[in-house]
Amino acid sequence: MQGFTKIMNMILTHFKTNGIRASLLCLGAVFVLLLSCCNNKVVEEGESPKRNILFYIGGDNNLSSEAIQKINEMRYGWKPGAGEMIIYLDGKNEGAFMLRINDTKGTDNNGVAIYGLDTVQVRGSENSADAEVLNQVINKFTTDFPADSYGMIFFSHASGWLPEGTLSRPRSMVIDGGTGTNREMEYYDFAGAIPDGRFDFIILESCLMADVMSMYELRNKAEYVMASSAEILSPGFTDIYGNKTMGLFNTAQSVDVVLKAFAQSYYDVITTAYPDENDDYCSLTMSIIKAKEMENLAAAAKVALQGKSIDQTTLTVDSIQTFDRPKELISSSVPRHSRYFDLGHTIDSLATKAQYEAFETQLNKTVVWKAATKRFLYYYNGFLIKRHSGLTTYIKQDDYPFLNSTFENSSWYKAIY
């Protein structure tokens, strides 16, 4: 219990902070907790529709203080009665816990009102990057806390579709270093752990997740997915969790309206904090994808491409809008070329005008909301954002034979060729 006491004290004394740090959220947070039991809440007939939300913090690694800050921001802004917020948190050297924000209001050490936490389950030492663990957590969440609908917020390391161990950083979806060896979750394992139709929405507070391979894999898992084409600057959504989380429980409005309000709040926080569009910290991309339209998008891409290969023989790769920073995110021992390219710009460069217009019509039905700043960490080996369709793709390159084969083996690729 010594570890529990230490983390509990960290949570109780971690106060609200302001501002955006320059470190990156693509190395997503992590740390740990707590005690006591909660009563299962059963939805009674005649009650207003309720939505419960799972906040999965995956990885036994770094940025622990940021994880605690996010949890506390939710507790500061909590309003009982709307639904349940269940938190899965795997801790560095502390084990994993499932927690619930309860209805008991207390105060922090500064006298600020904050709601308490119950421990739903002490799970012990486990690999949060294991898809089986994710599946177990989701099943316990929906079984113990039944509701009319469900949402999930996922905060972790991430690099979208990239295969495990391919590159130095970032990579895959979760990194759990509990055994001294980094263990990672592939995007298709992530999707496979989620029952079809389980969530109204999945919010990915993780870098580089708005790629078509990942989104196509999630097409049957949620109604909408919120994700970023580029990295997410730390502290990510922390500054909106306090006063915008409760909006996600609103079942009186459609899911897309609720998500758009949440995403717009994030954009407003960044652009208000950094009004100079040339400021490096004024950097973000964000999209909301209507998941069930991904199959229609694949069909539209297939028609637009007419069998044309997406590779360096058919495209001038350096001319296509990119969304990663290979000089920063790839080790010096391997070629440093981009792996995330704007989907719309890529198809536009391969299709005729009429073909692209038809594709763009479907693209706009798929990406129902998007926003991007003018630059992204431009002076830190970043890039200008001239095209932002809301989704990215890979372009096959001779220097990345393994990525080429991984791309060709994706469900998305098989759907468009």
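1. Tyrosine 356 and phenylalanine 359 are both buried. The model is a predicted one. The two residues belong to helix α11 (residues 353-366), where they are three residues apart, about one turn of the helix.

2. By the rule used here, there are 22 aromatic pairs. One of them joins tyrosine 356 and phenylalanine 359: the ring centres are 6.2 Å apart and the planes meet at 40°, so this pair is tilted.

3. Phenylalanine 376 and phenylalanine 383 also form an aromatic pair, and this pair is stacked, with 5.4 Å from centre to centre and 5° between the planes. Phenylalanine 376 is buried at 0% relative accessibility, and phenylalanine 383 is buried at 7%.

4. Which residues form one aromatic cluster? The members are Phe55, Phe237, Tyr241, Phe262 and Tyr266.

5. Is tyrosine 379 buried or exposed? Its relative accessibility is 57%, so tyrosine 379 counts as exposed. The residue lies in the loop between β13 (375-376) and β14 (383-384). Together with Tyr378 and Tyr380, Tyr379 makes a nonpolar surface patch of about 360 Å².

6. Two arginines are placed over tyrosine rings. The charged end of arginine 375 sits over the ring of tyrosine 378, 4.5 Å from the ring centre. For arginine 219, the charged end sits over the ring of tyrosine 216, at 4.0 Å from the centre.

7. The count of disulfides is zero. Cysteine 207 is buried, with 0% relative accessible area, and cysteine 282 is buried as well, at 4%.

How values were computed. Residues are numbered from 1 along each chain as its sequence is written. This is a predicted model: local features need pLDDT of at least 70, side-chain atom pairs count only at pLDDT 80 or more; totals for chains, interfaces and linings use all residues. Side-chain values use heavy atoms; hydrogens and water are left out. A disulfide is a pair of cysteine sulfur atoms within 2.5 Å. Buried means under 20% relative accessible area, exposed over 50%, partly exposed in between (1.4 Å probe, protein chains only). Patches are made of residues with over 30% relative accessible area and no salt bridge: like charges are joined within 9 Å, nonpolar side chains (Val, Leu, Ile, Met, Phe, Trp, Tyr) within 5 Å. Accessible areas come from the Shrake-Rupley method with a 1.4 Å probe; for residues, only the protein chains shown count as cover. A salt bridge is a side-chain nitrogen of Lys or Arg within 4 Å of a carboxyl oxygen of Asp or Glu. Helices (H or I, at least four residues) and strands (E, at least two) are DSSP runs, numbered from the N terminus. Rings of Phe, Tyr and Trp (its six-membered ring) pair if their centres lie within 6.5 Å; planes under 30 degrees apart count as stacked, over 60 as edge-to-face and the rest as tilted. A charge sits over a ring if NZ of Lys or CZ of Arg is within 6 Å of the ring centre and within 35 degrees of the ring normal.
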